[in-house]
Structures are given as structure tokens and as C-alpha cells.
Amino acid sequence: MVKLNKIYTRTGDDGTTGLSTGERCPKNDLRVEAFGTVDEANACIGMARLHTGDLATLDAMLARLQNDFFDLGADLATPDEGKKLDYEPLRITADQVSRVETEIDRLNADLDALTSFVLPGGSPAAAALHQARTVTRRAERIMVALAGTGAHVNADGLRYINRVSDLLFVAARCANDNGRSDILWVPGKNR
């Protein structure tokens, strides 16, 4: 259970932050970049939700993503470097990945196939969802970079973040009148 009585602790004034294991690491560490960027993507989803209230099914999916992003942040903030923990760390699961895949398939079923790439934009909801998608892709790149250093990154977490960016793309198309208001890329249009 989380209980926050005091918001500032001054423990980060030296440029470090605490992981859930109690360890301290620099605020520019790839692990902190990863969970910080997941948090940023979560904020973008929150902004997108300001425009999806009339799309109840889509808004409910986004609410689940926001909660899952806190799970993912907790997962990333708990390195598994062989240190024995006194608790079971929160990890993204294969079931969460499967749920996102099911939601992608459900939304995509009503969309026409694309004939070109989609430019970010259209409705306010779609534009915000595209922004959330791009920040989510950045979080994924940072997670991959972290894994590339040999540090622990949950494989289900990597699959999850990859699927979420796909879900956000499909959600943006749904917010654009099921793709009918998508703005398509015209290669070389302005030469």
C-alpha cells in the first residue's frame, strides 16, 4: 500500500533517486529514464482522455493503460539483479500483454486497411493519442537500451510497451471517426 504524507524528502537533492529496492541511483540512469518516460507517456494518455469522454469504450481502455503504466513503472523501478527482496515485486504479466492484443483486435476490426501512413492529427483526441504513442515508443527504446546494458528488464514489460504503442495508434484512428478522418501521408506532395 502506498502512503505519501510528505511530498518532498530532499533525498534527491544530490542528483540521485531511490528505487523500490531502497538502492539509490543517478537521476540520469537509463532505468530512471525508462520509468520516467513511462510516466510521461501516462501523462499524455491522461491528456488524451480529456478528449475521449464521449468514446466510452476507448476511454475505459485508456484508463486501464494508465493503471498498467504505474505497474510498469514499479516493474522498472525494481531491478532484479540477484538481490533477495522481502516482497514479491510487481511485474507486468503475459495476461496484460494478451489483454492489450485483444483490445487492439477489437478496435481494429472496425477500421479499413490503410493505403498510406497516417499523419498525426485529425481530431483533438487522435492528435493527443498520437503524441502518447510517440512518447510510448520512446519509453520502449529506452527500455531496450537498458536491457542492452545487461540490466534486468522484464520481457513481458517489453512486449507490453510495444503492444501499447500499437493500441494507441489504432485508438487514434478510432478517434478519427474510425479512420475516415485520418490524414494520410502523400509521399513527395510538396516537392
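**Salt bridges, core and a pocket in the predicted model**

In this predicted model, Glu40 has a relative accessibility of 35% and therefore counts as partly exposed. Arg138, at 30% relative accessible area, is likewise partly exposed. These two residues form a salt bridge in which the closest N and O atoms are 3.1 Å apart. The pair connects distant parts of the chain, with Glu40 in helix H1 and Arg138 in helix H4, 98 residues apart.

The structure contains 12 salt bridges. Another of them joins the side chains of Arg64 and Glu103, with an N to O distance of 2.6 Å. Because Arg64 belongs to helix H2 and Glu103 to helix H3, this pair ties together parts 39 residues apart in sequence. Arg64 is partly exposed at 31% relative accessibility, whereas Glu103 is buried, with a relative accessible area of 4%. A salt bridge of 3.0 Å (N to O) also occurs between the side chains of Arg137 and Asp166, linking helix H4 to helix H5 across 29 residues. Arg137 is partly exposed at 26%, as is Asp166 at 31%. Through shared partners, salt bridges unite Arg64, Asp68, Arg99 and Glu103 in one network.

The largest nonpolar core comprises 45 residues, of which Leu65, Leu129 and Tyr160 touch the most other members. Helices H1, H2, H3, H4 and H5 each give two or more residues to this core. Beyond its neighbours within four places in sequence, Tyr160 contacts residues including Leu65, Asp68, Phe69 and Arg99.

Elements H2, H3 and H5 each give two or more residues to its lining, which has five nonpolar, two polar and two charged residues.

How values were computed
Residues are numbered from 1 along each chain as its sequence is written. This is a predicted model: local features need pLDDT of at least 70, side-chain atom pairs count only at pLDDT 80 or more; totals for chains, interfaces and linings use all residues. Side-chain values use heavy atoms; hydrogens and water are left out. A nonpolar core is a set of buried Ala, Val, Leu, Ile, Met, Phe, Trp, Tyr and Cys residues joined through side-chain atoms within 4.5 Å. Buried means under 20% relative accessible area, exposed over 50%, partly exposed in between (1.4 Å probe, protein chains only). Helices (H or I, at least four residues) and strands (E, at least two) are DSSP runs, numbered from the N terminus. Contact means heavy atoms within 4.5 Å. Ala, Val, Leu, Ile, Met, Phe, Trp, Tyr, Cys and Pro count as nonpolar, Asp, Glu, Lys and Arg as charged, and the others, Gly among them, as polar. A salt bridge is a side-chain nitrogen of Lys or Arg within 4 Å of a carboxyl oxygen of Asp or Glu.
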